[in-house]
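Thank you for making time for this one. I would like to walk through a single chain, going from the overall layout to a few individual residues, so please keep the display in view while I talk.

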Amino acid sequence: MSDRPKSIPPADDENPNAWEELSAFRRTFLEMFRPDDAAALDRVGRLLFDCALECAREWHPGTEPTDRGNLLAVVGDLRFMQGYLESMGREHLEASLSREGVILSQLAESQAGDVGKIADVISARLNARLGA
């Protein structure tokens, strides 16, 4: 667990409808950069996201994103987050952490399984109802 300053502003965790305002780059990725670099990448991500929304039909004429494809993408992001949380959850076993770091590592460890369960449910429903 790092005690360095945050590179990017936190997501609005009080408003799930603000998801479109989040960067095209995961916040877990942007966290690896210095604050000014992360802010620049965040702006580029927003530009790419806006461009993709505006141009997708021109890039792929005759095709539209499907609900199934969208949910498969969600499962991929959930699996990433599950693995990220599992990695954070091992830190209290593998590194010397502050008391707070140990608590946060254990929190991450406990939540990884829940994130995985959400991905499992979506995957199972997609495969059961729509065929694999």
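Predicted model: local features only at pLDDT ≥ 70, side-chain atom pairs only at ≥ 80, totals over all residues.

**Layout of the chain**

The chain has 4 helices and 0 strands, where helices (H or I, at least four residues) and strands (E, at least two) are DSSP runs, numbered from the N terminus. Reading along the sequence, then, we follow the pattern α-α-α-α. Residues are numbered from 1 along each chain as its sequence is written, and side-chain values use heavy atoms, with hydrogens and water left out.

Of the 132 residues of the chain, 20% count as buried; buried here means under 20% relative accessible area, exposed means over 50%, and partly exposed is in between, with a 1.4 Å probe and protein chains only. The accessible surface of the chain comes to about 9,700 Å², and 58% of that belongs to carbon and sulfur atoms; these areas come from the Shrake-Rupley method with a 1.4 Å probe, and for residues only the protein chains shown count as cover. If we take contacts (heavy atoms within 4.5 Å) between residues at least 6 apart in sequence, 60% of them join residues at least 24 apart.

**The core and the kinked helix**

Which residues make up the largest nonpolar core? There are 9 of them, namely V75, L78, L85, A108, A112, V115, A119, I122 and L126, a nonpolar core being a set of buried Ala, Val, Leu, Ile, Met, Phe, Trp, Tyr and Cys residues joined through side-chain atoms within 4.5 Å. Helices α3 (67–94) and α4 (99–130) each supply at least two residues of this core, and α4 gives the most, with 6 residues.

Helix α2, residues 35–59, has a kink of about 45 degrees centred on L53, the bend at a residue being the angle between axes fitted to the seven residues ending there and the seven starting there. The buried residues of α2 are A38, D42, G45 and C55, and these pack against α1 (27–30).

H92 is found in helix α3 and, because its relative accessible area is 18%, counts as buried. Its side chain reaches the backbone oxygen of G89 at 2.8 Å, and a polar contact of 2.9 Å joins the side chains of H92 and S105. By polar contact I mean a pair of N or O atoms within 3.5 Å; within protein, one must be able to donate a hydrogen and the other to accept it, and residues adjacent in sequence count only if both atoms are side-chain atoms. Leaving aside neighbours within four places in sequence, H92 is in contact with L97, V102, S105, Q106 and E109.

E91, also found in helix α3, is partly exposed, with a relative accessible area of 24%.

**Aromatic rings**

A search of the whole structure finds 3 aromatic pairs. Rings of Phe, Tyr and Trp (its six-membered ring) pair if their centres lie within 6.5 Å, and planes under 30 degrees apart count as stacked, over 60 as edge-to-face and the rest as tilted. The rings of F29 and F33 have their centres 5.1 Å apart and their planes at 70 degrees, so this pair is edge-to-face. F25, F29 and F33 form one aromatic cluster.
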